[in-house]
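Subject: Structure for your review

Dear colleague,

Please find below the structure that I would like to hand over to you.

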Amino acid sequence: GIHARSRLADSSEDIRLQQFGHLRALMADADEDIVIAAGDFNADPRYPEKGMAEYPSAGIEGVPMRITGDPGLASDTVFYSPFLDSEETAAAGTYSYQGTWYFFDNIIVDWRALDGRGLEYSSSTVVMPFEAKDILGRPLAYDSSTGMGYSDHFAVSAKFSSF
């Protein structure tokens with residue numbers, strides 16, 4: 001699992017660049033094993049930054065984490081996210097800020113989870129329990145002054161099957 005540096009901290013984009021570079025190196029070192037990374041990336045590849053961007057549309061050179069919603073484009077250097085696949089998800093995102101939804105929480109897999117052999121990616125969902133949503137359907141953030149709420153992010157889950 002991953003919890004990348006918050007976007008609010010000074011120089012957070014450079015730190016996330018380093019974190020994503022390290023994650024990519026770990027994922028590339030997998031040899032024959034499939035690789036699954038999940039958690040709070042604090043970045044949405046649809047909104048490119050130095051550390052993570054959607055492939056191929058972003059066009060940013062040197063981005064360590066290139067993410068695609070097209071399973072046919074997954075490779076050793078491009079990873080698949082079901083949350084970028086319009087056929088796979090109907091959710092708007094996992095985090096809402098000033099009326100815009102983001103997929104800061106994500107699940108990414110390498111091409112081996114899509115090759116029809118061994119452990120295979122099956123499906124995913126954004127977990128949005130009724131009690132964890134506000135009246136507009138956004139995550140109901142925890143408020144320490146009232147002791148009420150849950151998280152400002154929705155969780156994600158994925159299913160895998162073996163062949």
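The notes below go through the model topic by topic.

Please keep in mind throughout that this is a predicted model.

**The nonpolar core**

The largest nonpolar core is made up of 16 residues. Phe20, Met27, Phe41, Met65 and Ile108 have the most contacts inside it. Helix H1 and strand S4 (65-68) each contribute at least two residues to this core, and the largest share, 3 residues, is that of H1. As general background, nonpolar side chains in soluble globular proteins tend to be buried together.

Asp29 counts as exposed because its relative accessibility is 61%, where exposed means over 50%. On the surface, Asp29 is part of a patch of negative charge, together with Asp31, Glu32 and Asp33.

Ile34 also lies in the loop between H1 and S2. With a relative accessible area of 24%, Ile34 is partly exposed. Between the C-alpha atoms of Ile34 and Ser12 there is a separation of 29 Å, for a distance of 22 residues along the chain.

**The loop between S2 and S3**

Two residues of this loop deserve a note. Asn42 is found between S2 and S3, and its phi is near 50°, a positive value in a residue other than glycine. By way of background, most residues other than glycine have a negative phi. Is Asn42 buried or exposed? Asn42 counts as buried, since its relative accessibility is 8% and the limit for buried is under 20%.

Asp44 is found in the loop between S2 and S3 as well. This residue is buried, at 2% relative accessibility. In sequence, Asp44 and Tyr102 are 58 residues apart, while in space their C-alpha atoms are 5.9 Å apart. The side chain of Asp44 also meets that of Arg46 in a salt bridge, at 2.6 Å from N to O. Arg46 is partly exposed, with a relative accessible area of 32%, whereas Asp44 is buried.

**Other salt bridges**

How many salt bridges does the structure hold? There are 7 salt bridges in the structure. In general terms, side chains of opposite charge can pair when their charged atoms come close. Besides the pair already described, I would point out the following.

- Arg117 and Asp115 meet through their side chains in a salt bridge of 3.6 Å, N to O. Arg117 is exposed, with a relative accessible area of 57%, and Asp115 is partly exposed, at 28%.
- Asp134 forms a salt bridge with Arg138, and the closest N and O atoms of this pair are 2.8 Å apart. Arg138 counts as partly exposed, at 34% relative accessibility.

**A cis peptide bond at Pro56**

The peptide bond from Tyr55 to Pro56 is cis, with omega near 5°. For context, most peptide bonds are trans. Where is Pro56 placed? Pro56 has its place in the loop between strand S3 (52-54) and S4. Pro56 is exposed, with a relative accessible area of 54%. From Pro56 to Ile67 the C-alpha distance is 8.4 Å, and the two residues are 11 residues apart in sequence.

**Gln98**

Gln98 is not a glycine, yet has a positive phi of about 50°. This residue lies in the loop between strand S6 (95-97) and strand S7 (100-102). Gln98 counts as exposed, because its relative accessibility of 70% is over the 50% limit. Asn42 also has a positive phi, but Asn42 counts as buried, while Gln98 counts as exposed.

**Points to look at in the viewer**

- The patch of negative charge on the surface, where Asp29, Asp31, Glu32 and Asp33 gather.
- The salt bridge between Arg46 and Asp44.
- The cis peptide bond from Tyr55 to Pro56.

With kind regards

Technical notes
Residues are numbered from 1 along each chain as its sequence is written. This is a predicted model: local features need pLDDT of at least 70, side-chain atom pairs count only at pLDDT 80 or more; totals for chains, interfaces and linings use all residues. Side-chain values use heavy atoms; hydrogens and water are left out. Patches are made of residues with over 30% relative accessible area and no salt bridge: like charges are joined within 9 Å, nonpolar side chains (Val, Leu, Ile, Met, Phe, Trp, Tyr) within 5 Å. Accessible areas come from the Shrake-Rupley method with a 1.4 Å probe; for residues, only the protein chains shown count as cover. A salt bridge is a side-chain nitrogen of Lys or Arg within 4 Å of a carboxyl oxygen of Asp or Glu. Lys and Arg count as positive and Asp and Glu as negative; His and the chain ends are not counted. The place of a charge is taken as NZ of Lys, CZ of Arg, CG of Asp or CD of Glu. Buried means under 20% relative accessible area, exposed over 50%, partly exposed in between (1.4 Å probe, protein chains only). A nonpolar core is a set of buried Ala, Val, Leu, Ile, Met, Phe, Trp, Tyr and Cys residues joined through side-chain atoms within 4.5 Å. Helices (H or I, at least four residues) and strands (E, at least two) are DSSP runs, numbered from the N terminus.
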